[in-house]
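This report describes one protein chain for a reader who has not seen it before. It begins with a pair of strands and then widens to the rest of the chain.

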Amino acid sequence: MKARTLFLLALAPALLQAQIVLYSLDGITPSPLGAVYGYGQVAAGDSKIVRFRALNSGTASVTITLLKVINNTGVGFSIVNSSSTPFLVAPGSSMDFFAGFSATDITSYSATLEVGTVSQTVTAILLATVVPAPTLSVAAPCTGPDANST
C-alpha cells in the first residue's frame, strides 16, 4: 500500500497540469488562436489593438511569467495596456491582454507573440500590412450664388 501511495504522489503533478490556451477576441466573442493571427491592413500612422486571452484549461493554477512580442520584420507590434507578469491564473480562469500594431513604412510586418509559464510557452505569429493612409480633398467653398441663384 505504501508503494502505491508513493506512486500516486509521484504521479500527482502530472495529473494536475496547467495548460495555457490562447484566444483572440472580437468584441466579447473568443476565437481559438491558431499559429498565425492577421491584423490585416492598417493605414500608415494608424494603430490597431487586439485583445487576446490566455485561458488556463488545466486543473492547477499557473503563473504566467512571460508575456512579450518579438518583432521579426521592422518595429510595429507591442504589448499595450496589459497586466504585468507574474500573473496567477486559476484553473478555468483567464488573463486578457492587448497587443497593438502601428507603423508608418508601407510594407508587411511580422512578430512572434509569446505567452509562457515555467513549464510551457505558447507562441503565435502576428502579421500586419501597412497601406497608404486615405487622403481627403476639400474643394474651395462656394463664394456666391450658384447657376440657379439659390
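In this predicted model, β1 and β4 run antiparallel and are joined by six bridges. Within this pairing, Ser 24 has Phe 52 of β4 as its bridge partner. β1 also pairs with strand β2, residues 29–32, in the antiparallel sense, here over four bridges. The bridge partner of Ser 24 in β2 is Ser 31. β1 and β2 form a hairpin, with two residues between the strands. In that turn, Gly 27 has a positive phi of about 75°. β1 is mostly covered, as five of its seven residues are buried.

A further antiparallel pair is formed by β10 and β11, joined by nine bridges. There, Tyr 109 has Ala 128 in β11 as its bridge partner.

| Strands | Direction | Bridges |
|---|---|---|
| β1 and β4 | antiparallel | six bridges |
| β1 and β2 | antiparallel | four bridges |
| β10 and β11 | antiparallel | nine bridges |

β10 and β11 also belong to an open sheet of four strands, with the order β3-β11-β10-β6 and mixed pairing. Because β3 and β6 stand at the edges with a single partner strand each, one side of each is left without a neighbour in the sheet. On average, and with direction ignored, neighbouring strands of this sheet are turned by 20° against each other.

The loop between β10 and β11 contains Val 118. Is Val 118 buried or exposed? Its relative accessibility is 81%, and the cut-off for exposed is over 50%, so Val 118 counts as exposed. From C-alpha to C-alpha, Val 118 and Thr 63 are 7.7 Å apart in space, although 55 residues separate them in sequence.

The next topic is the interior. In soluble globular proteins, nonpolar side chains tend to be buried together. The largest nonpolar core of this model has 29 residues, of which Tyr 39 and Phe 52 touch the most other members. Two or more residues each come from β1 (20–26), β3 (36–43), β4 (47–56), β5 (62–64), β6 (66–73), β9 (94–102), β10 (108–116) and β11 (121–131). β11 gives the largest share of this core, five residues.

Which residues does Phe 52 touch, leaving aside those up to four places away in sequence? They include Tyr 23, Ser 24 and Leu 25, together with Leu 33, Tyr 37 and Tyr 39. Also among them are Met 95, Asp 96, Phe 97 and Ala 99, as well as Leu 113 and Leu 126.

For the chain as a whole, the secondary structure comes to one helix and eleven strands. Of the 150 residues, 30% count as buried. The chain exposes about 9,200 Å², and carbon and sulfur atoms supply 58% of this area. Among contacts between residues at least 6 apart in sequence, 71% join residues at least 24 apart.

Last comes the confidence of the prediction. The mean pLDDT of the chain is 87, and 83% of its residues reach 70 or more. Over residues 5–16 the pLDDT is below 50, and this stretch has three contacts in the model beyond near neighbours in sequence. Where pLDDT is low, the predicted coordinates should not be read in detail.

Conventions. Residues are numbered from 1 along each chain as its sequence is written. This is a predicted model: local features need pLDDT of at least 70, side-chain atom pairs count only at pLDDT 80 or more; totals for chains, interfaces and linings use all residues. Side-chain values use heavy atoms; hydrogens and water are left out. A nonpolar core is a set of buried Ala, Val, Leu, Ile, Met, Phe, Trp, Tyr and Cys residues joined through side-chain atoms within 4.5 Å. Buried means under 20% relative accessible area, exposed over 50%, partly exposed in between (1.4 Å probe, protein chains only). Contact means heavy atoms within 4.5 Å. Accessible areas come from the Shrake-Rupley method with a 1.4 Å probe; for residues, only the protein chains shown count as cover. pLDDT is the predictor's confidence in each residue, from 0 to 100. Two strands pair if DSSP finds at least two bridges between them. Axes are lines fitted to C-alpha atoms, for helices over the stretch in contact, and angles run from 0 to 180 degrees between N-to-C directions.
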